[in-house]
Amino acid sequence: MKVTFPHMGNMNLSIKSLFNNLGLDVIEPPPITKRTLDLGVKYSPEFACLPLKINIGNYIEALELGADTIIMGGGIGPCRFGYYAEVQKEILNDLGYDYEMIVLEPFQSRWENFIKQFKFIFKHVEWWKFISAWRLAWAKCEVIDKANEYVNQMRAYAIEPQSVTKLYKEFLRKLERTEDKRELYSLVIGLKDKILDLDLDMKRDPLKIGIVGEIYVVLEPFTNLNLEEKLGEMGVIVDRSIYLSDWVSEHLFSNASNTAKHHKIEEAAEPYLEHFVGGHGLETIGQTILYDEKGYDGVIQLAPFTCMPEIVAQSILPEISKERNLPVLSLVLDEHTGDAGFITRLEAFVDLLARKRRDQVGGQVI
Ligand code: SF4
C-alpha cells in the first residue's frame, strides 16, 4: 500500500511523520504548483470550490508517482465538504486511475469512531507504536503553529522581513528531519533566538491585521498567494484565526462546538449570526468581532469563490465593519486570482489602515 494525502499548508510535515512512523509507504504529492492547479481545474466541475480542485491536482500528481491509496478527511454540515470525497472518487474513476480512497470521518470526540477507522487502516500496527507516532506528529503540528504565530509577529519588526521568512523555512526543513520530541522544542527556541539576533526595530508600533475565513485558503499559502508573508513584508503584524493544531484538537479531542473557545466565538457572533452555516462561516463573524475587541486595526476575510459559508459571512461583514468602524477586506480566491491585483488590494488596505490610525492618534505609523 502506497499512501498519499492532499496538501494543506504545512500539514504534510505532520502527516508524513505519522504515516512513516507507522511503517506505511508514503508518496507525498509534489508541492502545489501551477500544474497542480491546472490539473484540478481541468478535471473538476467549474463551480467546485478551489480546495477541491487543488486536492484533485494533488491526487493526480501523487498517483502518477505510484501512490495507490488516498487518505483524506470527511466532513459534515451544510456546505459541500461532506460530498468532497464522493465527487473526487467519481472524477478519478472517470480518469481511469486504479486506487483506494479511505475517508476519515470527523471523530467528534467519539474514541470508538477513532479506533474503528484507524484499526481499519493500520491493522498491522501495535498500539504503543501508534501512540508514539501520533505524539511525535502532534508535537510537530503544535510546534509549527507556534513558530508560525511568532514569525507572523516578528516580520513586522524586522528591518529585513525576508530574513525572518528564510529562518522559518530553515526551521521547517530541520523539523521535517527531526524524530525526537524534545529536539522539536529546541528547534523553536533556536528559531526565536535567531530571529532576535536579526536587525530589529522593537520601537515600531505596527498595524495589526486578523485573518479569518475558510480553513483551506487561510492555511494554504499557494491559494492565498503567501498573504502572511506579503503583509509581514509591508510591516504588519498578522494573526491567523485558525491553526491546524486548534482545528485538530477541537474536532478530535473534544466536540468542536463545545469548547470554551468556541463558545466565546459563538457569543461574539450571536448578534449577527446565531447558528452554524457550515465550514467556518460562523467563526469568521465571531473572530472578526473578537479581533475588533482586541484592538486590531483591520480584518481580512479569505474565501474560495462559491464557498457558501463564507458568502453568508461576507454578506454580514459590511454591517459589522460599519457599526464598529473596523475596516474589513474580503478576498475571494479562485484559479484566476493573480499576484498583481492581489498586491494592489493589500497595499491599498494597509494604506487605509495606516491613515485611519494616523487620524485617530495623530502619530506616525509603520
Ligand atoms: S467551506 Fe467552502 S470551500 Fe470549504 S468545502 Fe465548504 S463550500 Fe467548499
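# Briefing: helices, sheets and domains

Helices α13 and α14 are roughly parallel to each other, so their angle falls under 35 degrees. This is a predicted model: local features need pLDDT of at least 70, side-chain atom pairs count only at pLDDT 80 or more, and totals for chains, interfaces and linings use all residues. Residues are numbered from 1 along each chain as its sequence is written, and side-chain values use heavy atoms, with hydrogens and water left out. Helices (H or I, at least four residues) and strands (E, at least two) are DSSP runs, numbered from the N terminus.

**Domains**

- The protein chain is divided into domain 1 (2–125), domain 2 (130–204) and domain 3 (206–366). These bounds come from an automatic or database domain assignment.
- The centres of domain 1 and domain 3, taken over C-alpha atoms, are separated by 27 Å.

**Helices α13 and α14**

- Helix α14 covers residues 308–324. α13 and α14 pack at an angle of about 20 degrees, with their axes 8 Å apart. Axes are lines fitted to C-alpha atoms, for helices over the stretch in contact, and angles run from 0 to 180 degrees between N-to-C directions.
- The crossing of α13 and α14 is right-handed.
- From α13, the contact (heavy atoms within 4.5 Å) uses G281, T284, I285, T288, I289, D292 and E293. From α14 come P309, E310, A313, I316, L317, I320 and R324.
- The residues of this contact divide into 7 nonpolar, 3 polar and 4 charged. Ala, Val, Leu, Ile, Met, Phe, Trp, Tyr, Cys and Pro count as nonpolar, Asp, Glu, Lys and Arg as charged, and the others, Gly among them, as polar.

**Helices α12 and α13**

- The axes of α12 (residues 260–269) and α13 (residues 281–293) come within 7 Å and cross at roughly 85 degrees.
- α12 and α13 are therefore roughly perpendicular to each other (65 to 115 degrees).
- α12 brings H262, K264, I265, E266, A268 and A269 to the contact. α13 brings L282, E283, I285, G286, Q287, I289 and L290.
- The residues of the contact of α12 with α13 divide into 7 nonpolar, 3 polar and 3 charged.

**Helices α1 and α6**

- The axes of α1 (residues 11–21) and α6 (residues 127–154) come within 8 Å and cross at roughly 165 degrees.
- α1 and α6 are therefore roughly antiparallel to each other (over 145 degrees). Their crossing is right-handed.
- L13, S14, S17, L18 and N21 of α1 meet residues of α6, including W134, K140 and I144.
- The residues of the contact of α1 with α6 divide into 8 nonpolar, 3 polar and 2 charged.

**Sheet with β5 to β8**

- This open sheet has 4 strands in the order β6-β5-β7-β8, with parallel pairing. Two strands pair if DSSP finds at least two bridges between them.
- β6 (236–240) and β8 (328–333) stand at the edges, each with a single partner strand, so one side of each has no neighbour in the sheet.
- On average, neighbouring strands of this sheet are turned by 25 degrees against each other, direction ignored.
- β5 (residues 207–213) and β7 (residues 298–304) pair in the parallel sense over 5 bridges. The bridge partner of G213 in β7 is L302.
- Helix α15 (residues 339–361) lies across β5, β6, β7 and β8, and runs at about 170 degrees to β8.

**Sheet with β1 to β4**

- Here 4 strands form an open sheet in the order β2-β1-β3-β4, and the pairing is parallel.
- The edge strands, β2 (25–26) and β4 (100–104), each pair on one side only.
- β1 (residues 2–4) and β3 (residues 69–73) pair in the parallel sense over 2 bridges. In β3, T4 has I70 as its bridge partner.
- Helix α3 (residues 50–64) lies across β1, β3 and β4, and runs at about 155 degrees to β3.

How values were computed. A crossing is left-handed if the near helix is turned anticlockwise from the far one by less than a right angle, and right-handed if clockwise.
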